[in-house]
Amino acid sequence: MGQRQAIIAPSILSADFSRLRDEVVDVVEGGADWIHVDVMDGRFVPNITMGPNAVRALRPHTTVPIDVHLMIVEPERYLGDFIEAGADRISLHAEATPHVHRALQVIRQGNCLAGLALNPSTPLGVIEQVIEDVDLVLVMTVNPGFGGQVFIPAMLSKVRKLRHLLDEAGASQVPIEVDGGIGVATSRAVFEAGAEVLVAGTAVFGAKDRRGAITDIRRSAEGRPVAAGEARRL
């Protein structure tokens, strides 16, 4: 097997919404692997953000995967809209619907990859009955709802245990995505714990040099020297 590579997915929650297309083009040109879209409804989490129209508006302007994270109740009501809008990956929370298995199947039937998202306090056991139905698992490393929060160190153990659980279940190909407080200072630890996909919002969109920020997060995660250090950070 070759060396593991970190996938960097800037979250547009931290972008300038008045020029969202340009912001996405900028970070993709800067090396972003995915674009992460945080969808919040003011009920499952206390904030309200965007919906399918944001995905639809961005889809013609990038070829990288659009990774949609639904922090909404009854996500099954909107899966078709996000699929039609052009999402490539859709993750939902187990607590948000009584029909997790069915919702994951709907996502896959729409030719999207299906993800299950876990809040910091959500036990890993919720995934055991749907392991064969997920294409990725998203571990929240902050409490969802707002950008710019501080990484919760206890989530490192959760990522390690999840990686072990997936490997033991024969699902070693399922990547772990982490979201919350991810930057140069935290990327190495989560990558070593078993995460592959690193969602970074403020650390990328808040940086003066977005390309440099993406490069440094990736290099730090993979254990390579960070080229410019503090000059590229916030």
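Trainee: Hi! Which ring does the charged end of Arg 89 sit over?

Mentor: Hello! In this predicted model, the charged end of Arg 89 sits over the ring of Trp 34, at 4.2 Å from its centre.

Trainee: Nice. And what lies over the face of Phe 191?

Mentor: That would be Arg 4, which lies 3.9 Å from the ring centre of Phe 191.

Trainee: How many aromatic pairs does a search of the whole structure find?

Mentor: The search comes back with 0 aromatic pairs.

Trainee: OK, switching to the sheet. What is the strand order?

Mentor: The sheet is open and has 8 strands, ordered S1-S8-S7-S6-S5-S4-S3-S2, and the pairing is parallel.

Trainee: Which strands are the edge strands there?

Mentor: Strand S1 (7-10) and strand S2 (35-40) are the edges, and each of them pairs on one side only.

Trainee: How many degrees are neighbouring strands turned against each other on average?

Mentor: The average is 25 degrees, with direction ignored.

Trainee: Can we zoom in on one pairing? How many bridges join S5 to S6?

Mentor: Strand S5 (residues 113-118) and strand S6 (residues 136-140) run parallel and are joined by 4 bridges.

Trainee: And which residue in S6 is the bridge partner of Ala 117?

Mentor: Leu 138 is the partner of Ala 117.

Trainee: Now helices. At what angle do H5 and H6 pack?

Mentor: Helix H5 (residues 155-168) packs against helix H6 (residues 184-193) at about 25 degrees, and their axes are 8 Å apart. The cut-off for roughly parallel is an angle under 35 degrees, so H5 counts as roughly parallel to H6.

Trainee: Which residues make the contact?

Mentor: From H5 come Leu 156, Val 159, Arg 160 and Arg 163, while H6 brings Ala 189, Val 190 and Ala 193.

Key
Residues numbered from 1 in each chain as written. Predicted model: local features only at pLDDT ≥ 70, side-chain atom pairs only at ≥ 80, totals over all residues. Heavy atoms only, no water. Phe/Tyr/Trp six-rings, centres within 6.5 Å; stacked < 30°, edge-to-face > 60°. Lys NZ or Arg CZ within 6 Å of the ring centre and 35° of its normal. Pairing = 2+ DSSP bridges. Helix = DSSP H or I, 4+ residues; strand = E, 2+ residues; numbered from the N terminus. Axes fitted to C-alpha atoms, helices over the stretch in contact; angles between N-to-C directions. Parallel < 35°, antiparallel > 145°, perpendicular 65-115°, else oblique. Contact = heavy atoms within 4.5 Å.
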